[in-house]
Every structure is written in C-alpha cells, then in structure tokens.
Amino acid sequence: MLHNHITFPAKGSAASRDGFGKALVELGEKDPNVWVLTADVSESTRTHWFAEKFPKRFVQVGVAEQNLAGVAAGIAACGKKAFISAYGVFSPGRNWDQLRVSVCYNDVPVVFHGSHTGITVGPDGASHQALEDIAITRVLPNMVVMAPADMEEARKATIAAHGLGKPAYIRTCREKMPVFTTAETPFKIGEANLYREGADVVVVACGPMVYESLVAAEKLHSEGISCAVLDLHTIKPIDKKAIVEWAKKTGLVVAVEEHQVNGGMGSAVAEVLAEECPVPVRRHGIYDMFCESGSAFELLKKYKLDADGIASVVKESMHMKKR
Amino acid sequence: MGSRMRITNMKQLRLIANTIREDVIRMLYEAKSGHSAGSIGLADIFTALYFNVLYHDPKNPSWPDRDRLVLSNGHVCPVMYAAMANAGYFPKEELLTLRKLGSRLQGHPHRTSLPGIENSSGPLGQGLSQAVGMAIVAKSEKKRWRVYAIISDGEHGEGQVWEAAMLASKYKLGNLTAIMDRNNIQIDGFTEEVLPLEPLAEKYRAFGWHVIEVDGHNIHEIIDACEKSKAIYEKPTLIIAHTIPGKGIPFMEFLTEWHGKPPTQKEAEEALKLLGVERSTIEEEG
C-alpha cells in the first residue's frame with residue numbers, strides 16, 4: 001500500500017512536461033554525457049531549461065522529427081545518452097521507422113519525450129491530440145514505455161530512463177494537472193504503484209487518469225463500491241504481478257487512459273489478464289475516433305475521462321462481474 | 001591501438017577490390033538472395049575506405065578513436081562484409097553464412113550482431129542523420145576521428161536525407177564526408193525516370209556542402225577526394241561517386257534487374273571466370 005506516499009487531495013498542479021524539463025537539468029549537471037535535442041519546440045517541451053544551461057549539449061534540428069531521431073541515435077552511438085523532445089503526434093508519430101531501426105534495432109539509449117499527448121492538449125484539436133503513441137511504441141523490442149501520472153512522477157521517470165540506458169518513451173501532457181505524488185513516492189520502472197485498496201473493482205490507469213481515478217474511487221466509495229486504483233506508469237515492461245494480484249482480489253478490471261482503447265495501456269492489461277488471470281476487463285479511453293477542440297477539462301468531461309465520467313464507467317461495468 | 005592500413009599501391013588495391021567482388025559473388029550465390037549490382041559496384045569504394053582512408057582497428061572494432069563508417073543503404077552490406085573480412089575483422093569463411101540462420105552477417109546490417117558495424121540499416125534514408133549525430137559529438141568534443149557515410153542515390157527520395165543535409169550544414173560539419181553511390185538505378189528502374197534527382201551536385205552545394213565528383217571505380221580518385229575533404233573545415237563534403245552497377249561483370253552492368261537478385265550457379269561461375277581474367281590483367285599490368 002502506497003497511499004501514505006501521496007498527497008490526496010492534491011495541493012497543487014503542474015504540467016507533467018515540466019517534470020521532464022526539470023529532470024533534464026538535474027541530469028545535465030550530474031552527467032556530461034547527457035545530450036538533448038528538439039525539433040523546434042524547445043520551450044513547449046521544456047527542453048529550453050537544459051539548452052540555457054548546457055548549450056553545447058543541445059541540438060536544435062528544426063521541424064524535422066525523422067532527422068531528430070536519427071541524429072539522436074548517432075549521438076547515442078558515441079556513448080552519450082540522448083533525450084529527444086517533441087509533441088507526441090510528431091515524435092514518435094512521424095518518426096516511428098527511425099525509432100524502430102535507428103534507435104530500437106541499434107539498441108542505443110535514446111529517450112523519446114512525447115509531450116502534448118492525450119485529449120488534454122485541448123484546443124489544438126484532433127490533429128495534435130496524440131492518442132496512438134502508446135500503441136505504436138509498446139510493440140517495439142528493446143523499448144520501455146512510460147506514461148507518468150503527474151509532474152513529479154514524470155521527473156522520476158526521466159531520471160529512471162537515464163539510469164536504464166535503453167531506448168525509452170516518456171509520455172507527458174501540456175495541461176496543468178494535480179500533483180499528488182511526492183518526492184518520497186517510490187518509482188521503479190516496471191513496478192506499478194497501488195494508491196488505493198479496494199475489494200470490488202480495480203481501476204488501472206496511467207497519466208493524468210490516475211488522479212481522476214482516485215477522485216472517482218472516492219465518489220464510488222460513498223456509493224458503496226470499493227475501488228482500488230493502480231498507477232501503471234510503466235506500460236512496457238508491464239507489471240504482470242500487480243495486475244494479476246488486483247484482478248484476483250477484485251474480479252473486475254477497468255483500464256483508464258487518455259489514449260485509443262485499441263492497442264493502448266488497457267489492451268496491454270487485457271493481454272496480460274487473458275493469458276494469466278481471465279477476469280472481465282473494461283477498456284475505457286477514446287473509442288476509435290478522432291476528438292475535437294475544446295478546453296482540456298471540457299474534453300475530459302465529454303469523453304468521460306474526468307472523475308465523474310470514470311466513476312460512471314466503473315458503475316456501468318460492475319454488471320460484468322456477474323456474468 | 002588502431003591505425004590506417006594505408007595501402008597506396010594501386011595494383012594491390014585493385015587486386016583487393018577484385019577479391020572483394022569474387023567474395024560478393026560467392027556470398028550472394030550461397031545466400032540465394034541479396035542485392036548484386038550495388039554491392040559489386042561499390043567494391044572499389046569499400047577497398048579505398050578499408051585499405052587506405054579509414055583509421056580503424058579490425059582487431060579492436062570498438063577502438064574509441066576510430067573513424068566511423070556509417071552505411072545508409074544497408075542492402076549493399078555484402079560488399080561491406082567482404083571488405084571487413086579481407087581487412088581482418090573476422091574469418092573469411094564466415095562470409096558464406098550471409099543471410100543464414102544464426103549468422104552475424106544479417107541480410108541488412110545489425111549493429112549489435114557484428115562488431116565493426118556502426119549502425120543497423122535497411123529502411124532507406126536513415127544513415128546520414130546518424131552520421132550527422134556522430135559528427136556533431138566529434139566536433140563538440142574536438143575529437144580527431146572523422147565520420148564517413150555511404151549513401152545511395154535512390155534513397156534521396158526520402159525527405160530525411162535532406163533534413164540531415166541541412167543540419168550538417170548548420171553545424172558546419174567539416175569532419176563529415178558523405179560518399180554517394182551514384183549508380184543511377186533503383187528497384188523500379190533508372191533514378192531519373194522513377195524520381196529525377198538531378199542536378200544533385202547543385203542541390204548539395206545549395207544546401208551548403210562542398211561537392212566533389214569522382215569516377216567511383218578509380219580507387220586513386222576516391223582516396224584523393226577523401227583526402228581533400230579533410231581540408232574543408234567549415235562544410236561537410238559530398239563525394240558523388242559515379243559508379244556502374246555490377247561493374248566488372250559485364251552481364252550485370254547497368255541492368256536494373258540486377259539490383260535485387262543473386263546470381264544463379266551458372267551466372268556465378270561465369271562471373272568468377274570474368275573476375276579471374278580481370279585479376280590476370282591487373283597482375284600483368286605491372
């Protein structure tokens with residue numbers, strides 16, 4: 001049980017992309033082999049903080065995400081640890097082949113940071129809402145895929161990715177969202193964090209959906225449903241043990257993500273359970289569609305990815321247990 | 001500690017190129033698949049690089065100060081493997097394992113399978129970017145090693161190559177020499193019919209590169225151009241090496257159909273016979 005390690009309700013908010021940017025500065029100070037690259041989005045992906053401090057280890061490639069990934073692979077092949085940063089729709093969206101061959105097949109330590117993921121990017125509309133990035137990255141060998149829950153977890157995920165020295169993808173968000181994990185909250189790649197116990201259902205979530213799910217669980221509690229919440233910050237390698245343990249304890253799994261339900265975190269959870277502990281699974285997220293412009297919070301409400309929406313999806317999923 | 005083999009005797013280099021051609025024919029025949037024309041056509045360039053131009057150490061492929069050779073058009077890897085084996089990276093017998101189960105000689109190069117391979121490749125257009133990344137590091141850290149990138153003409157259909165060309169110019173990568181195998185063919189036909197690339201030299205000059213054009217079968221010219229590129233500090237250099245696909249084996253030369261197929265037994269025997277005649281000619285030239 002880790003609920004003592006979080007602040008709930010959260011006291012402040014920040015964008016998870018800030019956690020990535022902060023971690024880069026920390027890493028840059030400690031390790032002269034850290035290099036950072038961006039494709040014309042240094043401020044919005046928070047790499048400008050690193051660029052200001054370590055200009056010699058910062059590469060601006062312009063609007064060229066394929067080259068971004070390839071140049072980083074070349075830098076990493078020289079014994080460096082390269083972090084590349086762009087919006088998720090462009091990287092890994094536009095440079096998946098480079099991610100596959102230049103990075104993963106080469107097995108060089110390049111960390112992809114996809115910022116502005118999910119519908120919470122908001123008014124920019126569907127073209128800019130990365131909702132497929134987990135699906136396309138988690139199928140690649142040698143790859144680690146993380147979707148941290150908040151700014152603090154994004155900071156830790158970035159530091160952990162540096163320590164790992166492998167190809168990795170870190171998914172962050174543009175919008176300021178509650179920061180509820182703390183410097184003391186444990187973070188280990190591949191080990192899911194349980195933030196709330198429950199007996200009737202477990203919500204497995206990633207990214208900003210973790211906090212929304214905690215709020216949803218609180219609401220459900222008042223309605224007599226005991227709901228556990230698992231933060232699956234690492235989608236690959238996936239924490240089978242934790243997923244199976246809580247699937248067994250509760251008998252019903254609801255996966256919640258700001259991503260297409262096809263191929264995303266929920267699919268990864270369903271794959272584990274189908275093979276190791278078949279229990280009903282509801283995959284909640286975006287249902288095979290492009291979304292639209294709107295504020296982050298309007299969109300979360302519309303697509304039932306805010307706390308109320310998640311609570312309603314959990315309630316309507318409860319009947320699956322009786323089958 | 002690595003160094004340069006620096007064979008300067010042209011006769012000796014031409015004989016090595018001939019041996020590499022023979023090896024490629026045997027490898028492709030044995031593998032029953034692979035790309036003949038480009039591999040054969042690059043024999044002189046790979047001879048120049050591995051036996052004269054490159055600072056490297058076949059017995060210590062990860063020597064930190066080695067020059068980096070990035071191969072972008074990975075499908076011509078048989079010629080690279082043959083050059084490496086002849087240079088002493090691994091036993092020549094291993095060449096015949098090309099494309100076979102358990103081999104370190106993958107159908108397209110794999111960085112972590114075979115020491116001495118700097119980059120995995122296959123999907124076109126990705127090599128120059130990696131070469132640029134390496135050259136940026138070397139320049140930033142004032143290393144003396146250089147980066148050589150072998151790129152193809154056909155792969156210039158990929159936008160990524162031009163992205164990399166622009167960035168190399170931005171960072172004034174005088175330590176980067178790209179060598180383009182200008183053999184005019186790609187899978188579906190002649191490059192100027194599939195997607196016209198000319199004027200290539202003018203395009204690269206407009207992108208801020210120093211451009212040298214050479215006969216890609218004249219080993220002396222190739223070496224000379226590589227040497228000249230070292231004197232260009234403020235710009236990356238492109239050597240456009242005009243080559244004949246299948247060069248040295250007349251029934252393969254210029255034919256696009258030889259881009260992606262191996263020789264049959266009869267064709268392999270004929271090719272080896274022709275290369276044998278060529279060997280005698282080189283030896284007799286004195």
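Helix α3(B) is mostly covered, with eleven of its eleven residues buried; a residue counts as buried if 20 or more other C-beta atoms, placed from the backbone, lie within 10 Å of its own, as exposed if 12 or fewer do, and as partly exposed in between. Helices (H or I, at least four residues) and strands (E, at least two) are DSSP runs, numbered from the N terminus. The model is a predicted one, in which local features need pLDDT of at least 70 and side-chain atom pairs count only at pLDDT 80 or more, while totals for chains, interfaces and linings use all residues. Residues are numbered from 1 along each chain as its sequence is written, and chains are lettered from A and ligands numbered from 1 in the order in which they are written.

The buried residues of α3(B) include D44(B), N52(B), F46(B) and Y50(B). Helix α3 (residues 43-53) of chain B and helix α4 (residues 77-87) of chain B have axes that come within 10 Å and cross at roughly 35°. Axes are lines fitted to C-alpha atoms, for helices over the stretch in contact, and angles run from 0 to 180 degrees between N-to-C directions. From α3(B), A43(B), F46(B), T47(B), Y50(B) and F51(B) meet V79(B), M80(B), A83(B), M84(B) and A87(B) of α4(B), contact being defined by C-beta atoms, placed from the backbone, within 7 Å. Ala, Val, Leu, Ile, Met, Phe, Trp, Tyr, Cys and Pro count as nonpolar, Asp, Glu, Lys and Arg as charged, and the others, Gly among them, as polar.

Chain B also contains an open sheet of five strands in the order β3-β4-β5-β9-β8, with parallel pairing; two strands pair if DSSP finds at least two bridges between them. Its edge strands, each pairing on one side only, are β3 (68-71) and β8 (210-215) of chain B. On average, neighbouring strands of this sheet are turned by 20° against each other, direction ignored. Six bridges join β8(B) to strand β9 (residues 237-242) of chain B in the parallel sense, and E213(B) stands opposite I240(B) in β9(B). Helix α5 (residues 127-140) of chain B lies across β3, β4 (147-152) and β5 (176-182) of chain B and runs at about 170° to β4(B).

In the loop between β8 and α9 (219-230) of chain B lies N218(B). This residue is partly exposed because 17 other C-beta atoms are within 10 Å.

Between the chains, 22 residues of chain B are in contact with 22 residues of chain A. On the side of chain B that touches chain A, α5 and α6 (159-170) of chain B each supply at least two residues, and α5(B) gives the most, with nine residues. This side of chain B has eight nonpolar, eleven polar and three charged residues.

The secondary structure of chain A comprises eleven helices and 14 strands. Of its 323 residues, 61% count as buried. The C-alpha trace of chain A spans about 60 × 40 × 40 Å along its principal axes.

Technical notes. Two residues are in contact if their C-beta atoms, placed from the backbone, lie within 7 Å.
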